[in-house]
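Please look at the sequence and the structure together, and keep both in view while you read the paragraphs that follow.

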Amino acid sequence: MFSLTVAALAFGVVFLAELPDKTALAGLVLGTRYRASYVFAGVAAAFLVHVALAIAAGSVLTLLPQRLVQAVVGVLFLAGAAMLLLKKNDGEEEVARPADQSFWKVSGAGFMLILVAEFGDLTQIMTANLAARYDDPVSVGVGAVLALWSVAGLGIVGGRTLMRRVPLRLITKVAALVMLALAGFSLYEAAIA
């Protein structure tokens, strides 16, 4: 059964964690160089693959004892919050430019860039954690995919404006606080289960 609450929670956590990420900057760079719709097609496909892998990993975790899963999820949320708070801003990454501007070349470049850059990334780990925590892969998957696509769209179309208006440090701190709260709930449930 689809849960709008779980999807909204997944959306919020993943959106906030992805916004200050290097892939949002990579999408911004690609969007300034190529046709936005071509870039978005490739990036969106890569994010779909990553969420599917994360959901599969999270679903495997639900086979373990509930107390152990809650403890592991809590520790991973704590690690995610620490990663956000301690992360150094590396700036923009250089993006390889396809020789031509065809749909397949541009979307392929976007797909490959995100596929490689996001593998094992914080948002992929958080998506797996949410899937394990709520045992609702469809709701978590929909929320995570929509969040990643939203960040990609913002990065491709309007990233520069957003980053001028909302400080990156504020976004990072809000995402870390949400993850700390989720860690606390998960560790509390592990202790009382």
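What percentage of the 193 residues in the chain do buried residues make up? Buried residues make up 44%, where buried means under 20% relative accessible area, computed with a 1.4 Å probe and protein chains only. This is a predicted model, in which local features need pLDDT of at least 70 and side-chain atom pairs count only at pLDDT 80 or more, while totals for chains, interfaces and linings use all residues. Residues are numbered from 1 along each chain as its sequence is written, and side-chain values use heavy atoms, with hydrogens and water left out.

The chain holds eight helices and zero strands, where helices (H or I, at least four residues) and strands (E, at least two) are DSSP runs numbered from the N terminus. Among contacts (heavy atoms within 4.5 Å) between residues at least 6 apart in sequence, 94% join residues at least 24 apart.

Helix H1 covers residues 4–18, and because its 15 residues at 1.5 Å each should span 21 Å, the 20 Å between its end C-alpha atoms agrees; the expected span is 1.5 Å times one less than the number of residues. Among the buried residues of H1 are Val6, Ala10, Val13 and Ala17. An α-helix has 3.6 residues a turn, so residues three or four places apart point the same way.

Finally, consider the lining of the second largest cavity, which includes His50, Val51, Glu118, Gln124 and Leu148; lining residues have an atom within 4 Å of a point on a 1 Å grid over the protein atoms alone, and a cavity is a set of such points where a 1.4 Å probe fits but cannot get out. Helix H3 (36–61) and helix H6 (122–134) each supply at least two residues of this lining.

Terms used
1 Å grid on protein atoms, 1.4 Å probe; cavity = no way out; pocket = protein on both sides within 12 Å on 5 of 7 lines; lining within 4 Å. Buried < 20%, exposed > 50% of the residue type's maximum accessible area, 1.4 Å probe, protein only.
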